[in-house]
Structure formats: C-alpha cells, structure tokens
Amino acid sequence: MTEIAVTNPDRPDLPPLRRYRAIRAIALGLIAGGLLLLGSCTSEREKVDRVSVDLTEIRQRDTLRAITTYSSTSYFVYRGQPMGF
C-alpha cells in the first residue's frame, strides 16, 4: 500500500491536518493564557490597614519601622550585623 502525503504549499514539511492541529493548539494556549490573566485580575483591591503615625509619636517611641526589599541595596541584618546603605 502506498501512502500519499498531501502537503501545504506554504509549509511543505507539515501536512494540512498536522498544521491545523498545531494552529489550534497554539490558539487554545493563547486563549487559556488570556483567561488566566483576566481571571487573576480582581476589581477589588486588597484592603490594607493604613497606619498613620506622626513625627512626634515616632520620636516618643524612638523607633522608625519601614518595609524594604531584601537586597544588598537596602538596609538588612546579616548574621546579626546591620548592613546595607
């Protein structure tokens, strides 16, 4: 039995059915990715408790607390020693 392969003139290495399946898989992947991105967005932002402290209260406590990233370009504690800028 002889097998006849029909090829697409645009892409001679892929038969039409394989090319259709490849395009369909890519399209479904893009749609699924888009739905995941849209599903991760929410219209309500997380409510964050705001802390309002004025300068006199900071001076009374003698402590200023701040949140920074943990990197060598910000203040951090390494092996019990304060480092960073």
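What percentage of the 85 residues of the protein count as buried?

**Figure 1. Overview of the predicted model.** Of the 85 residues, 5% count as buried. The protein exposes about 8800 Å². Carbon and sulfur atoms supply 59% of that area. Two helices and two strands are present. Along the sequence they follow the pattern α-α-β-β.

**Figure 2. Close-up of a nonpolar surface patch.** Four residues form the patch: Leu28, Ile31, Leu35 and Leu38. Together they have about 450 Å² of accessible area. Leu38 lies in helix 1, which covers residues 16-40. The relative accessible area of Leu38 is 64%. Leu38 therefore counts as exposed, the cut-off being over 50%.

Figure 3. Most residues other than glycine have a negative phi. With a relative accessible area of 69%, Asp62 is exposed.

**Figure 4. Close-up of Arg79, with positive phi in a residue other than glycine.** Phi of Arg79 is near 55°. Arg79 belongs to the loop between strand 1 and strand 2 (81-83).

How values were computed: Residues are numbered from 1 along each chain as its sequence is written. This is a predicted model: local features need pLDDT of at least 70, side-chain atom pairs count only at pLDDT 80 or more; totals for chains, interfaces and linings use all residues. Side-chain values use heavy atoms; hydrogens and water are left out. Patches are made of residues with over 30% relative accessible area and no salt bridge: like charges are joined within 9 Å, nonpolar side chains (Val, Leu, Ile, Met, Phe, Trp, Tyr) within 5 Å. Accessible areas come from the Shrake-Rupley method with a 1.4 Å probe; for residues, only the protein chains shown count as cover. A salt bridge is a side-chain nitrogen of Lys or Arg within 4 Å of a carboxyl oxygen of Asp or Glu. Helices (H or I, at least four residues) and strands (E, at least two) are DSSP runs, numbered from the N terminus. Buried means under 20% relative accessible area, exposed over 50%, partly exposed in between (1.4 Å probe, protein chains only).
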